[in-house]
Amino acid sequence: LPQNLELRIRLALSEAYELQGNTTEALLEAEKVLQKAQDSALRSKALIRRGVIKEEMADYQGANQDYEAVLVMRNPEPSAYYFAIFKRAQFATRLRNAYRDLERVIESQYASEYLKNSARVQRSFLLVQEGRHQEALEDVNRVLESSVVAPQSRATALVNRSVAHIELGQYQEAVEDCNNVLQMKDAPTYLKVVALNNRGEA
């Protein structure tokens, strides 16, 4: 099969798996497309597909990253582009509410350090989105200095920090963070893909 046809079939498979409630297989098929697709229209569709699946898996940060990736692409597929704009508007309200809730968790004397670190990772993402890169770095650095943090949260923290470093013009630091994610055995595949993309931008 020509590669583009194979990748379109994989996208259709991803949607079929999602409709069956098999989000794991749906996510894997979308990631296979993103690993191979060169065409920006096809990549944008795959990013939207993966973003929708991540939302279903309650990975809102990962979903938003995929939608944002479509918005900064050159020549995305038009329907994918406008879907990403719609999703960004949805997330704007959700993220404002999330920021308030995360602050409450971080400041609580009853929340465990594990939970607080997870909240800091989420907050660092919101801070990056708002252009508050130095504050995001402070949150991430605190998480990465802690021994009480889940592997996925550690990988996400490194990805968030790489974005902040890029925005601050600290490209070598960004590359180091991306390399660390890529070397992690227990980092999710989608975070490794994001780290690979970020390293390319740096």
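Is Asn75 buried or exposed? In this predicted model, Asn75 is exposed, because its relative accessible area is 64% and the cut-off for exposed is over 50%. Asn75 sits in the loop that runs between helix H4 (60-71) and helix H5 (78-107). Its phi is near 55°, a positive value in a residue other than glycine. Most residues other than glycine have a negative phi.

Aromatic pairs

Three aromatic pairs turn up in a search of the whole structure. One of them joins Tyr81 and Tyr82: the ring centres are 5.2 Å apart and the planes stand at 90°, so this pair is edge-to-face. Phe83 and Phe86 make a tilted pair, with 6.5 Å from centre to centre and 50° between the planes. Both Phe83 and Phe86 belong to helix H5, where they are three residues apart, about one turn of the helix. Ring pairs also tie Tyr67 to Phe83 and Phe86 in a cluster.

| Residue | Relative accessible area | Class |
|---|---|---|
| Tyr81 | 28% | partly exposed |
| Tyr82 | 57% | exposed |
| Phe83 | 29% | partly exposed |
| Phe86 | 46% | partly exposed |

Nonpolar surface patch

Leu5, Ile9 and Leu13 form a nonpolar patch on the surface, and together they have about 230 Å² of accessible area. Of these residues, Ile9 lies in helix H1 (residues 3-19). Ile9 counts as partly exposed because its relative accessibility is 40%, between the limits of 20% and 50%.

Conventions. Residues numbered from 1 in each chain as written. Predicted model: local features only at pLDDT ≥ 70, side-chain atom pairs only at ≥ 80, totals over all residues. Heavy atoms only, no water. Patch = residues over 30% accessible without salt bridge, like charges linked within 9 Å, V, L, I, M, F, W, Y side chains within 5 Å. Areas by Shrake-Rupley, 256 points an atom, 1.4 Å probe, with all protein chains shown as cover. Salt bridge = Lys/Arg side-chain N within 4 Å of Asp/Glu carboxyl O. Helix = DSSP H or I, 4+ residues; strand = E, 2+ residues; numbered from the N terminus. Buried < 20%, exposed > 50% of the residue type's maximum accessible area, 1.4 Å probe, protein only. Phe/Tyr/Trp six-rings, centres within 6.5 Å; stacked < 30°, edge-to-face > 60°.
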